[in-house]
Each structure stands twice: as structure tokens, then as C-alpha cells.
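User: Please take a close look at one topic in this model: how side chains with rings and charges pair up. Keep it brisk.

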Amino acid sequence: MTPPVADASHGNWVDRFAPLRVRPYLRLARLDRPIGSWLLLLPCWWSTALAAIADDAPYPDPRLLVLFAIGAVAMRGAGCTWNDILDRKIDRQVARTRNRPVASGAVSVPAAFAFLAAQALVGLAVLLSLPHFAIVTGLASLGVVAIYPLMKRVTSVPQLILGIAFSWGALMGWASVMRTIADPALLLFAGCVLWVFAYDTIYAHQDKEDDAIVGVRSTALLFGRSTALVVALCYTLVVVLFGIALLSVPSGPFAVMGLIGFAMHLAGQVRRLDIDDGARCLTVFKSNRDAGLILFAGLALDTLVPNTLAPLLP
């Protein structure tokens, strides 16, 4: 039996409860490491909530929130499966990834392709449940998703391509509610790209020694000792872009408080960051889920609370 991969969540349900025969496939979909699904989902939820504010809706559409959650898990799993198929030879040379199912041989390449197709069909079913404009918007992201795993071979900033792929949800939520793309969604998208670029740079510091040996490029190697400064600059621009998006809607006090909490969390990440401590980098990276949930809570409350209080007001 293949041991768990290095960055799997401690005591996760896959390693504790999943049948042995399906465990490699669940690991291939990264269901033992849900942080990636959260980080793919959050821009979708932010965009849906921001559109609800702009549309003066009583709350973010719960149907969309559920659909995006299912889609995020399916498409993150499909993307990781595709990544592992392409990177299987590189993964065998990196300590953190050598136990991944395809690299270790626990899942054959043909089986991985079949599993990729199954996950993609789930993602397609979710996409076809959205309005036509959102379907077209979602299909436009597939090229970026397909080429991302190859980028570390040809550019020192593969995190930028990942940022575009992981931020597409910032367009999808707005497109699903408003049936168009407007400035608030574009501002949210731009901020999300920088957010992903920064947090994945932190994540990449876990592999920098192996990457240098294997010949794989990353922003961790590119920025080196300047990483904290680059991350701080990116996070500052994220907050500025998100702030302009909130002003352009316009949003109320709860959204602003959510953004302030989000900004404080990002500042804390920069203070805690130690690029020579792989475990610390992973912890800081994972904490972006909590930062994102703080912002989503503020955006959601901005629609919920005024509508809840409205009957009580004169």
C-alpha cells in the first residue's frame, strides 16, 4: 500500500476510513487535502456574494453556492489528476510528491485518464446547470487549466498561470447572477490572480531544493530572499483591488469589515512567513482558507443583515 503523501492533512478521512482499493484515487483527486478545493471555491463564492450585493438580492444564491462547491471539488480533482499524469516523472524525483498515486504506480496512467474523464463529466454537469453566459465563460478557462502543469518547464512564474486558472471563479459567480462581466468582477478577478500568485509562491518554498535539482522553475526560486517583500506587495494590491470592487458595487459596512479582517489575516501571514521552514510555509499557505472565509462572511452578511433588519426599521 502506498503511504500518504507528505502534505496530506493529518488524520484525514481518506487515510482513516476509505476502502484500500479506492484510496489511491481519492488521493489522486486530493480529497485527503481539501485546501485546494477551498481555494478554488472561494473566488466563486466571493463573486456570487458580490453580485448579490450589486443585484440587491436578499442573500447569495444558495443553489449557486452548492453548485460551485461541487464543481470546485470535481475540477480541482480533475486538474490534479491531469497534473499528476504529466508530472509523474518529475514527481518521482521530489521528496514531497514521490508518493503521489501515478508517480508511485498505485494508479496506472490509463486508469488515471479514465478517472480524469469521470471527474470532468461531473464538472461539466455542474457547468451545464448554469446560465448560458456562465457556461461560455467557464469553457473559456479550459485552455489555461490544460497548459498550467507544463508551465513550470518553460517559465519562472508558473504561479501566474495557476493564478488565472484558480481565479476564474471570480468571473463565474458574477456571470451566473448578472449574465455579463462587469468591472467589479474584473477587479475581483485581478485581485484573486495576485492572491493565488502570492500564496502559491509561499507553497512552492517547500520544494525549492528539489526543484532546483530537477530543473523545475518556480517563483520561490525566482524571488528567493525577496519572497516576503513580493508577497507583501501582492497582498497589498489584492486588498486595494478588492476595495475598489466593493466601492464600485457599492457595498455596505459588513463587506468592508470582511475586507478589513481579510487584510489583517494576510498581514499576519507575512509576519509569520519563514521561507526556510517548509512546515511553516505549508501552514501559512493553508491559512488562506480562513482568510477567504472571513471575506465571504462579510460579503454574505452585507446582503443578509439589511434584509433581516428591514422589517424592524421605520
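Analyst: Start with a charge over a ring. Lys152 lies over the face of Tyr148, 5.7 Å from the ring centre. The term requires NZ of Lys or CZ of Arg within 6 Å of the ring centre and within 35 degrees of the ring normal. Arg289 sits likewise over the face of Trp38, at 5.9 Å from the ring centre.

A word on the basis: the model is predicted, so local features need pLDDT of at least 70 and side-chain atom pairs count only at pLDDT 80 or more, while totals for chains, interfaces and linings use all residues. Residues are numbered from 1 along each chain as its sequence is written, and side-chain values use heavy atoms, leaving out hydrogens and water.

Arg289 also forms a salt bridge with Asp290, the closest N and O atoms being 3.0 Å apart. A salt bridge here is a side-chain nitrogen of Lys or Arg within 4 Å of a carboxyl oxygen of Asp or Glu. Arg289 is partly exposed, at 31% relative accessible area. Asp290 is partly exposed too, at 33%. The classes are buried under 20%, exposed over 50% and partly exposed in between (1.4 Å probe, protein chains only).

The whole structure holds ten salt bridges. In one of them, Arg153 meets Asp87 at 2.9 Å, N to O. Arg153 lies in the loop between α9 (142-151) and α10 (158-166) and Asp87 in the loop between α4 and α5 (88-91), so the pair ties together parts 66 residues apart in sequence. Helices are DSSP runs (H or I, at least four residues), numbered from the N terminus. Asp87 is buried at 2%, whereas Arg153 is partly exposed at 34%. Elsewhere, Arg30, Asp84, Asp91 and Arg100 are linked in a network of salt bridges.

Now the rings. Phe, Tyr and Trp rings (six-membered ring for Trp) pair if their centres lie within 6.5 Å; planes under 30 degrees apart are stacked, over 60 edge-to-face, the rest tilted. That rule gives 14 aromatic pairs. Tyr203 and Phe285 have ring centres 4.6 Å apart and planes at 50°, so this pair is tilted. Tyr203 lies in helix α12 (residues 183-204) and Phe285 in helix α17 (residues 278-286), so the pair ties together parts 82 residues apart in sequence. Tyr203 is buried at 16% relative accessible area. Phe285 is buried at 7%.

Terms used
Helix = DSSP H or I, 4+ residues; strand = E, 2+ residues; numbered from the N terminus.
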